[in-house]
Amino acid sequence: MALSPIRSSTFSSSSAIVTLAVLLLLTRTSSATLSKNFYSKTCPNVFNTVKSVVKSAVAKEPRIGASIVRLFFHDCFVQGCDGSILLDDTPTFQGEKTAAANNNSVRGYELIDDIKSKVEKICPGVVSCADILDIASRDSVVLLGGPFWNVRLGRRDSRSANFTAANTGVIPPPTSNLTNLITRFQDQGLSARDMVALSGAHTFGKARCTSFRDRIYNQTNIDRTFALARQRRCPRTNGTGDNNLANLDFRTPNHFDNNYFKNLFIKRGLLNFDQVLFNGGSTDSLVRTYSQNNKAFDFDFVKAMIRMGDIKPLTGSQGEIRKNCRRVN
């Protein structure tokens with residue numbers, strides 16, 4: 001009889017554990033259906049096909065690699081990683097391309113079109129545009145010197161887009177402060193650590209003058225020599241030189257490494273978004289770690305990319321597999 005309470009307690013604990021496990025499973029059902037082997041039987045050559053196209057494009061223009069990673073990021077932050085950003089406007093449909101965060105800024109659509117066309121030739125109606133964007137992002141990082149990881153696939157493409165969300169701050173603007181950055185990433189289920197690691201994608205690519213004009217003329221937490229050099233290509237007056245470009249990482253702009261974080265140490269972050277990561281705030285220690293340990297940055301970047309790719313994917317019978325990434329079937 002003395003054992004009865006113990007049995008009862010054990011049963012209750014076990015039940016609680018099982019219940020918790022079920023709840024956790026249910027909360028991750030959508031992402032749990034993604035798999036690195038999703039196309040192993042239906043389209044085994046998809047990886048080689050995507051890589052071939054990306055490799056050729058990056059060889060011609062290294063910046064396109066950074067653009068594809070940014071395209072993936074902007075897609076995932078608006079109603080999940082569903083390829084919605086790829087949809088063109090029509091007379092009866094408003095996509096996300098003309099939203100403030102994307103208009104005249106996000107690029108790489110033509111490369112995704114090219115990849116999709118070649119994938120369709122070998123596996124028609126099988127591989128989603130959303131998955132192609134994920135694979136192309138990974139390949140862009142690897143081809144420019146960054147880490148490799150197995151991407152989780154099985155997403156389907158949305159039949160809708162969300163211009164309003166894309167246009168109202170869901171995607172953090174380059175002027176974001178640290179609190180805004182942390183909040184925006186947390187809204188997507190990503191931690192502050194994920195946010196800093198993903199920001200490291202600014203180790204390659206370029207930004208337009210409109211994105212950093214205020215910083216180089218009006219902010220004080222910036223190296224003066226660095227600011228003056230950027231002012232030569234970015235006039236103070238709005239509307240003048242708005243589309244002139246500057247490297248996000250002035251040291252190795254076409255290579256994926258941890259120099260981006262080293263730049264923040266000497267107040268040479270190009271965007272306000274960048275420098276606030278190392279400006280006496282809660283993320284200073286992470287920036288210090290990544291600047292001193294490239295392997296630590298690579299490790300956390302990979303984890304964060306996988307976690308970002310798990311944001312609200314459409315799976316199973318949801319959505320569709322678009323034949324053309326720019327329009328619904």
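I take contact to mean heavy atoms within 4.5 Å. Helices (H or I, at least four residues) and strands (E, at least two) are DSSP runs, numbered from the N terminus.

The model is predicted, so I kept its limits in view: local features need pLDDT of at least 70, side-chain atom pairs count only at pLDDT 80 or more, and totals for chains, interfaces and linings use all residues. Residues are numbered from 1 along each chain as its sequence is written, and side-chain values use heavy atoms, with hydrogens and water left out.

**Entry 1: helix α11**

I looked up α11, residues 224–231. Which of its residues are buried? I find F226, A227 and R230. Buried is under 20% relative accessible area, exposed over 50%, partly exposed in between (1.4 Å probe, protein chains only). The three sit on the same side of α11, because they cover an arc of only 95° around the axis. That arc is taken from the directions from the helix axis to the C-beta atoms. An α-helix has 3.6 residues a turn, so residues three or four places apart point the same way.

I then checked what covers these buried residues; the cover includes α10 (209–218) and β2 (245–247). R224 and T225 are exposed, on the other side of α11.

**Entry 2: D223**

I went to the N-terminal end of α11 next. D223 caps it, with a side-chain oxygen 3.3 Å from the backbone nitrogen of T225. D223 also forms a salt bridge with R268, the closest N and O atoms being 3.0 Å apart. The pair links distant parts of the chain, 45 residues apart. D223 is in the loop between α10 and α11, and R268 in the loop between α12 (259–265) and α13 (272–275). D223 is partly exposed at 22% relative accessibility. R268 is also partly exposed, at 21%.

**Entry 3: other salt bridges**

How many salt bridges does the structure hold? I noted 17 (a side-chain nitrogen of Lys or Arg within 4 Å of a carboxyl oxygen of Asp or Glu).

R159 and E320 meet in one, at 3.3 Å, N to O. This pair spans 161 residues, from the loop between α6 (129–143) and α7 (163–167) to the segment after α15 (294–309). R159 is exposed at 51%, whereas E320 is buried at 7%.

R193 and D300 meet in another, at 2.7 Å, N to O. R193 is in α9 (192–199) and D300 in α15, 107 residues apart. I have R193 as partly exposed at 41% and D300 as buried at 6%.

Methods. A polar contact is a pair of N or O atoms within 3.5 Å; within protein, one must be able to donate a hydrogen and the other to accept it, and residues adjacent in sequence count only if both atoms are side-chain atoms.
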